[in-house]
Amino acid sequence: MPTILITGASSGLGAEMARQFAALGYDLALCARRTDRLDELAASLPDVKVSVKALDVNDHDAVFRVFDEFQAEFGTLEKIVVNAGLGKGQPLGTGRFDANLETAQTNFIGALAQTEAAARIFREQNAGQLVMISSISAIRGMPKNITTYAATKAAVAHLAEGFRADVMNTPIKVTVLYPGYIVSEMSATSKTTPLVASTEKGVRAMVSAIEKEKASARVPSWPWVPVGFALEHLPLPLARKFMG
């Protein structure tokens, strides 16, 4: 069976991806800081092979070690999803550099380590699919508490697209996903609204895009394809009102 490695798989979008890929018959390599949550998740999955390992993506040596251990265990890693991240942050200049620094280190430097480790494996295999979880907030500079978060998500999208340029004439594929508002532990709301998809629905769109090996996708497509287009093209004063 194909194997997918998912970081940040102990909760939210990562855990739901694990459930949906297991239902499709994928073997799972799951890692996160909270192994108790991973063990609970693994016990709830159907009859597929599941391996879990502790990983803090800010421990960069551990990122390379854990990815290599998963490859040795499964033989081949068909897909690697760079999903682990933080949603915290504060408006710039308000004395909370500490919160913004933590977000930047986890969401970009941590993602860089994961991408380096994945890219090394894929180059060795001459096959595989790198999946980068960006955000709809990466489309424009965002105000208030998500300024730094949005900047990191723009950065990881460019990181993945740069790797795609390097390997575009090889069997290696790169997918960048731009999720809109999906219910998760990181999101500010636990309720669905016209702009907020349930975890199951939002992740179903993500899994579909990964399976189709799309280069990029705004998910779910409704309403985030038209909303994303509007965010790209609205003048900043209007975009700022639109972004709240």
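This is a predicted model: local features need pLDDT of at least 70, side-chain atom pairs count only at pLDDT 80 or more; totals for chains, interfaces and linings use all residues.
Local features need pLDDT of at least 70 and side-chain atom pairs count only at pLDDT 80 or more, while totals for chains, interfaces and linings use all residues. Residues are numbered from 1 along each chain as its sequence is written, and side-chain values use heavy atoms, without hydrogens and water.

A nonpolar core is a set of buried Ala, Val, Leu, Ile, Met, Phe, Trp, Tyr and Cys residues joined through side-chain atoms within 4.5 Å. Buried means under 20% relative accessible area, exposed over 50%, and partly exposed in between (1.4 Å probe, protein chains only). The largest such core holds 34 residues, and L5, L55, F67, F70 and I80 have the most contacts inside it. Elements that each supply at least two of its residues include β2 (27-32), α3 (60-74) and α4 (97-125); helices (H or I, at least four residues) and strands (E, at least two) are DSSP runs, numbered from the N terminus. Helix α4 gives the most, with seven residues.

Beyond its neighbours within four places in sequence, I80 is in contact (heavy atoms within 4.5 Å) with L5, F67 and A118, among others. A second, separate core has 30 residues, including A15, A22, L28 and A209.

Most residues other than glycine have a negative phi, and most peptide bonds are trans. The exceptions below concern the backbone.

| Site | Feature | Value |
|---|---|---|
| V219 to P220 | cis peptide bond | omega near -15° |
| W222 to P223 | cis peptide bond | omega near 10° |
| K144 | positive phi | about 60° |
| E213 | positive phi | about 55° |

P223 lies in helix α7. K144 is in the loop between β5 and α5, and K144 counts as partly exposed because its relative accessibility is 45%.
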